[in-house]
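Subject: Handover of a structure and findings

Dear colleague,

Please find below the structure that I am handing over to you.

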Amino acid sequence: MSSTVLVVALGLGGLALIGAGWLARVRSREVRLAELLQLPYGERDVDVARVAAEYGTVVSGTLGLAERAIKQAGGTTSLRTRIERADLSVRPSELVVIAACMGVAVGAAATAWTGRWWAGVLVLLVTPAATSLLLDRLASRRNKRFARQLPDALVLISSSLSAGHTFLRSIQLLATEAESPLSDELRRVVSETQLGTSLVDSLEHLSDRMRNRDLEWMVQAIRIQQQTGGHLTDLMATLAEVIRGREEVRREISVLTAEGRMSAWILGLMPVGLFLAVETVNPGYLDPMLQGWGIVVLALTALSMAAGVGIILRLVKNVEC
């Protein structure tokens, strides 16, 4: 690898990291300002472009370009929803810029390490899929934490109702005492209720955000109880018992299917790790596979591996549902 290519790759990587750090600094300033003012949920949407302009036109112009690209692709709403479910304090344009900067940085490092320009291009092509996978992973982990907290939350609500509190007051007390993510979501429910939305509708919005089937059943049960009457305290206690039993079954199934998930990741990552190890120990050994029809064979192999891993994970996911 020539020194010129190495210098260019390292320069691009450095610029990408500087851009990501600059954007993170702008965002942290805005978050600190919102926390200082103690703005309620929904009123933290300060114009990022205006705040970024204080640091220069480069950041504001980059954010504007990313925002226009997302709007033309028609993915602003869906991307914002996925970011919200992943509990990330960034906007779609910021996420796109950060992902692009990290893709360029990692791609430049890959080019400098392997000495092949197509390694950086491959990293850039994989960056959108990796970002999407990261969002799904963060959202899934947050949903699982919420599901573990839900049965205990229903027990506390039932106890609060027995003590004479109203349903809304019970949720307010739980929002101040519970841990994240339950407290964050309940505070949003309380805020929506204070803005005029009915409590049941706010809880339904919560179930839509979390995509939790137990929570959906709880909302339906509460809605039926309001229409037909009955003791809400007993309903909360019964729901807590049922949901706790379902959570125990899900945990048991997760343990039984852990071997399948581990097998999928090992079978998928082992060829990649072996390829990188051989390339590092003996850089010229795999050169015949990196030119001509060898590249086609590697691409088909990667596709078949991805399909196999996807099928295994899909089967395991279906079992867990």
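Leaving aside its neighbours within four places in sequence, which residues is Ser160 in contact with? They are His165, Ser170 and Leu173, where contact means heavy atoms within 4.5 Å.

Before the details, a note on the basis of the values. This is a predicted model, in which local features need pLDDT of at least 70 and side-chain atom pairs count only at pLDDT 80 or more, while totals for chains, interfaces and linings use all residues. Residues are numbered from 1 along each chain as its sequence is written, and side-chain values use heavy atoms, with hydrogens and water left out.

**Ser160**

Ser160 lies in helix α6, which covers residues 117–162. Helices here are DSSP runs of H or I with at least four residues, strands are runs of E with at least two, and both are numbered from the N terminus. Ser160 has a relative accessible area of 10% and is therefore buried (buried means under 20% relative accessible area, exposed over 50%, and partly exposed in between, with a 1.4 Å probe and protein chains only). The side chains of Ser160 and Ser170 are joined by a polar contact of 2.9 Å. Such a contact is a pair of N or O atoms within 3.5 Å; within protein, one must be able to donate a hydrogen and the other to accept it, and residues adjacent in sequence count only if both atoms are side-chain atoms.

**Salt bridges**

Side chains of opposite charge can pair when their charged atoms come close. A salt bridge is counted when a side-chain nitrogen of Lys or Arg is within 4 Å of a carboxyl oxygen of Asp or Glu; the count comes to 15 salt bridges.

One of them joins the side chains of Glu185 and Arg142, at 2.8 Å from N to O. This pair links distant parts of the chain, 43 residues apart: Glu185 is in helix α8 (residues 182–194) and Arg142 in helix α6. Both Glu185 and Arg142 are buried.

Arg250 forms a salt bridge with Asp214, with the closest N and O atoms 2.7 Å apart. Here too distant parts of the chain are linked, with Arg250 in helix α11 (residues 232–256) and Asp214 in helix α10 (residues 213–228), 36 residues apart. Arg250 counts as partly exposed because its relative accessibility is 28%, whereas Asp214, at 2%, counts as buried.

Arg250 also meets Glu247 in a salt bridge of 3.0 Å, N to O. Arg250 and Glu247 are three residues apart in helix α11, so about one helical turn separates them.

Yours sincerely
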